[in-house]
Amino acid sequence: MTRYIRLASSHDAPMLHAIYVPFVINTPVSFELVPPTEQEMSQRIEQILQTHPWLVCEEQGELLGYAYASQHRTRQAYQWSVDVSAYVHERWRGKGVGKALYTSLFALLRLQGFYNVYAGIALPNPASVALHEAMGMRQVGVYSQVGYKLGVWHDVGWWQQSLQSHNLEPVPPLDLESAQRLPEWEKRLISGLKI
């Protein structure tokens, strides 16, 4: 069976919605209290893809999981930093899908010229902590009892990783369209399939 990693499209929204909704309804992994509609999912994909990668892992027409990057903060000095998230279908957890997606995502973010990745993890979540630490991320702090969901106050831990050495004269990161025109794009896109 052949696995693919590719950019998401708005047409993927129904399958991505099916992966994401159980996280919203049954867990504190997502702090959303009401699941987005398929149309809202489609709009999120289109919005993210204007500037950052949103990747899916696919096998025989089934989406196994997805990962994406988004703006870390709006102030201009933050432009070299992104937040990352990954969600894997329950049947495919623990089978390397999250690591494959993050490997490709981080490679593309380096190509675009980003320097830092951050991930917020609702605690406890040993599987997510293990994934992020397997990617080389380290915990840098905890927001204590910051979110209330499912009758409990939850902490959120923050993990960070530098993607490359910090240049003292960084150029603005490339937009996604420009990065896709670079010769290394395809190699980096599929780099997660080689782990």
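User: Before we start, what does "partly exposed" mean here?
Analyst: Partly exposed is the range between buried, under 20% relative accessible area, and exposed, over 50%. Arg44, with a relative accessible area of 29%, is therefore partly exposed. Keep in mind that this is a predicted model.

User: Which side chain does Arg44 meet in a salt bridge?
Analyst: Glu32. The N to O distance is 2.8 Å. The pair links distant parts of the chain. Glu32 sits in the loop between helix H1 (13-26) and helix H2 (38-48), and Arg44 is in helix H2, twelve residues apart.

User: And is Glu32 buried or partly exposed?
Analyst: Glu32 is partly exposed, at 22% relative accessibility.

User: How many salt bridges does the structure hold?
Analyst: Six. One of them joins the side chains of Glu59 and Arg3, at 3.1 Å, N to O.

User: Where do Glu59 and Arg3 lie?
Analyst: Glu59 is in strand S2 (residues 54-59) and Arg3 is in strand S1 (residues 3-7). The pair therefore ties together parts that are 56 residues apart in sequence.

User: Is Glu59 buried or exposed?
Analyst: Buried, at 9% relative accessibility. Arg3 is partly exposed, with a relative accessible area of 25%.

User: Switching topic. Which residues do shared partners join into one network?
Analyst: Arg6, Asp12 and Glu58, through salt bridges. Within that group, the side chains of Arg6 and Asp12 meet at 2.9 Å, N to O.

User: What about accessibility for Arg6 and Asp12?
Analyst: Arg6 is partly exposed at 25% relative accessibility. Asp12 is buried, at 6%.

User: Why can such side chains pair at all?
Analyst: Side chains of opposite charge can pair when their charged atoms come close.

Technical notes
Residues numbered from 1 in each chain as written. Predicted model: local features only at pLDDT ≥ 70, side-chain atom pairs only at ≥ 80, totals over all residues. Heavy atoms only, no water. Salt bridge = Lys/Arg side-chain N within 4 Å of Asp/Glu carboxyl O. Helix = DSSP H or I, 4+ residues; strand = E, 2+ residues; numbered from the N terminus. Buried < 20%, exposed > 50% of the residue type's maximum accessible area, 1.4 Å probe, protein only.
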